[in-house]
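Here's a quick briefing to read alongside the model. Have the sequence and the 3D view open as you go.

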Amino acid sequence: MFFSIDDDLSLAEWNNMAAHYLRGAASVLGKQRVGAYCKYLACDWAVEDDVVGTCRDGSGKRFLWQPNTWLGGRPLGTISEHACLFQRLIHPRDNIKVAGINVDVNDTLTADFGQWQYAAQPVTPDPVVVPDPISVREPDGYDIAWHAGPGSRSGHGPYKRIYLHTTENQDWISRAENVADGQAARRDGSYHYIVDDSRIIQTVSTKNASWSVPVRDVNDENQVSVHIALVGTSGAIPRWTTNPSPNVESNPKKRSVWLEHDKMLDMVAFTIATVSKEHHIPIERVDIAGVGNDMHGVSSHNNYTYGSVKLRGFKDGTHWDVPDTFPYDVVLAAAKQYAAIPDDPDRFPLPNGHYWGPLSGPQESWSNRFGNEPQASKDGLRRWQSALGIAPTSVYDDATRDAATAMQQAKGWPVTGHVYAGEWYGVIKDGWRLPAPTAVLTGTRKITNATGPGHTDQFGMAATDLGVMTRTPSGRILAVFGDTFRDPIVGGDDWRSPVGLYSDTTNLDNGIVWHEAAGADPNYARQLWPYDHVGGTTALPSDVITIGQDIYLHVMINEGLGNVVRTEIWTSSDNGKSWRPTGAQFDAGLHNGFAQLWTWERDTDGWVYVFSTGFQRDKGIILRRVRQDRITDPGAYIGWGWRDGRWNWGNPPTPVLESQPSAEKFGEMCLRKIQNKWVLVNFDASTTGGYDIDLRLLDTPTDNLYVVPKTTPIRGSAWGEEGNDRVAQLYGPCIIPGSTLDAGLHLLVSQWKTTDGWPYRAMHFKVPVR
């Protein structure tokens with residue numbers, strides 16, 4: 001019995017799930033009766049773990065059925081030495097039909113492949129026919145020239161499909177630029193890319209929607225697709241002298257004629273690969289039925305026209321380009337090979353002629369603030385910013401403009417403040433750096449009250465505290481606050497928690513300013529999800545983190561302040577506007593109550609590191625970690641603990657800091673990685689020498705916290721004795737996104753005068769890092 005593991009799973013996922021799955025099957029059926037359908041590398045893992053049966057024909061092969069995909073960069077047709085079955089042709093990629101029905105084609109590799117009636121005498125199988133690898137024409141790829149002019153609609157939705165078109169010009173005659181110029185003059189249509197027999201041009205940025213299928217509203221098919229046009233006709237008549245064109249749908253271009261345009265097809269394959277890698281669209285054939293079922297992949301205007309009947313409930317237009325005589329098998333196979341070629345990691349990540357610049361600029365300007373820019377644009381700008389030592393916000397902001405301006409002035413280039421390819425290569429490849437700053441922050445400075453009357457009461461939150469913060473996928477600052485009231489007093493009307501605010505502040509030295517409320521109402525900070533505060537129940541934010549396009553918020557469910565009954569993880573996939581539970585819940589007593597109040601940060605190795613303590617300010621700190629793709633799996637968190645005379649991952653977590661004066665009792669904490677250093681800021685509630693905000697600078701999260709450098713930039717004080725570095729009844733420090741180590745760290749720090757119920761607010765400080 002073959003058990004399906006139909007996924008491109010990692011080794012960790014194999015070890016944590018798939019291997020247990022097969023062992024469970026063997027515990028009932030016996031291992032000899034267990035087989036697995038799995039990818040190439042998983043065949044090796046199955047043999048190493050000895051979790052599947054052995055073929056009875058003496059071949060030494062195992063009951064492993066391998067598909068011709070997920071080959072880890074190996075050529076199509078690569079077969080594991082352990083497999084007894086090979087799924088050579090796969091629907092819908094290879095488009096094989098029997099009696100009009102799409103089918104897969106599988107090859108038997110051994111006499112015994114698990115069939116019920118296995119013959120005692122070995123049977124010599126037919127030789128396996130493996131398709132020849134398809135070689136691409138230009139392993140280094142093609143230049144894609146920018147050619148502006150044709151119209152588009154700003155913004156783009158989720159990227160689902162790539163549609164192929166023909167421009168219905170005569171074959172071999174028209175040029176891509178002529179097509180684009182005609183569209184620009186007529187304003188009657190556009191494509192993202194146009195490919196003729198010699199070159200590729202891009203006329204619309206993929207962050208915007210082109211006018212390629214019928215333009216109807218902001219939810220039309222253009223909003224979810226990228227469009228590539230081939231210069232030529234889809235009909236059988238390549239050239240003509242009369243108008244209109246004599247080509248009709250019933251007489252399409254033959255496959256052999258398509259293949260004559262070999263360079264054009266190869267350039268289309270390269271363009272498909274480029275779009276696929278940038279927007280994660282599968283390089284798989286999507287036919288009429290696939291469009292109707294909203295499948296993701298590569299299709300045509302023809303297939304959309306007919307597939308729209310099911311997809312949208314009506315036939316959306318009459319276009320019939322590109323017909324099914326098009327050699328999808330050749331083009332998609334080449335596209336997969338282009339997609340498998342590693343990119344130059346130092347290549348400028350924007351299209352030719354584009355740059356990082358303001359949101360108000362033309363479509364060539366990428367601010368990473370619109371919200372639909374590809375991850376490569378955000379990662380690239382973040383890398384450029386980090387190399388220069390400015391805040392790695394991933395968005396075009398004042399600091400980025402000033403850095404680009406300084407570079408342009410130093411090199412004698414035209415001063416625009418934009419980051420073009422030249423500015424990119426100058427920093428990334430040539431090593432240009434900003435001059436060392438002359439001003440050094442020598443002491444703590446309070447910049448402003450961040451919440452309260454005159455700051456947040458316009459959002460219905462005159463009284464609030466905490467304020468855990470992250471940078472959203474769109475590049476904004478998101479702060480999530482705890483117990484919030486409309487009027488400036490604790491216990492007032494309209495109790496909510498959590499609530500959120502957005503800030504577009506780029507110069508933190510002037511003080512953080514809030515521009516919009518998170519949630520359904522941008523003008524009023526409503527509770528991020530509905531529940532009642534009956535019996536003092538409240539969900540208090542512990543920390544928030546952004547991973548890719550998703551935001552994760554850890555909250556503590558209290559029934560009365562400090563009485564934590566459990567903790568939960570919630571998530572948002574729309575930059576914090578709406579939230580949903582992930583199902584991840586953690587018992588309040590987990591790890592003896594040390595896992596209630598969290599702070600977390602992601603490292604470049606894919607691990608998320610979590611420091612935590614109790615919410616009663618009477619405990620030390622423990623450390624755990626989890627893979628970022630399993631952050632919502634409570635069972636995937638791994639402790640850092642002392643056992644058998646040494647510290648190791650995988651041990652039950654033991655406190656990494658406790659039982660030391662001024663380091664025995666902890667409150668709120670914030671961990672962030674800034675300029676390749678780990679910064680841990682915490683409220684120290686210790687009996688001796690505590691009641692302050694401490695800052696520790698780490699090289700790794702597992703550093704010995706007893707010996708790493710510690711400073712105390714803000715100390716507690718009595719009411720009436722406050723100053724820049726002294727705050728009465730302080731708690732809840734959080735690092736503000738955009739902080740740097742050399743220019744000073746920006747913190748939100750909370751304050752609550754418990755006897756009066758006011759002040760109850762968050763304040764903005766700038767503190768030195770020594």
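Predicted model: local features only at pLDDT ≥ 70, side-chain atom pairs only at ≥ 80, totals over all residues.

Residues are numbered from 1 along each chain as its sequence is written, and side-chain values use heavy atoms, with hydrogens and water left out.

**Around Ser 474**

- Ser 474 sits in the loop between strand S19 (466–471) and strand S20 (477–481); helices (H or I, at least four residues) and strands (E, at least two) are DSSP runs, numbered from the N terminus.
- Ser 474 counts as buried because its relative accessibility is 7% (buried is under 20% relative accessible area, exposed over 50%, partly exposed in between, with a 1.4 Å probe and protein chains only).
- Leaving aside neighbours within four places in sequence, Ser 474 is in contact (heavy atoms within 4.5 Å) with Asn 368, Arg 369, Gly 371, Lys 378, Val 395 and Asn 575.
- Glu 373 is 101 residues away from Ser 474 in sequence, yet the C-alpha to C-alpha distance is 8.2 Å.

**Aromatic rings**

- The whole structure holds 28 aromatic pairs (rings of Phe, Tyr and Trp, its six-membered ring, with centres within 6.5 Å; planes under 30 degrees apart are stacked, over 60 edge-to-face and the rest tilted).
- Take Phe 3 and Tyr 21: their ring centres are 5.8 Å apart and their planes stand at 85 degrees, so this pair is edge-to-face.
- Phe 3 belongs to strand S1 (residues 2–4) and Tyr 21 to helix H1 (residues 11–29), so the pair ties together parts 18 residues apart in sequence.
- Phe 3 counts as buried at 16% relative accessibility, whereas Tyr 21, at 40%, counts as partly exposed.
- One aromatic cluster is formed by Tyr 609, Trp 640, Trp 642, Trp 647, Trp 649 and Trp 678.

**The second largest pocket**

- The second largest pocket has a volume of about 1,400 Å³ (on a 1 Å grid over the protein atoms alone, a pocket is an open set of points where a 1.4 Å probe fits, with protein on both sides within 12 Å along at least five of seven lines; lining residues have an atom within 4 Å of a point). Its volume is the space filled by probe spheres set on the points, which are joined across faces, edges and corners.
- Of its 47 lining residues, Leu 76, Arg 93, Ile 283, Glu 284 and Lys 336 are the closest to the centre.
- H8 gives the largest share of this pocket's lining, nine residues.
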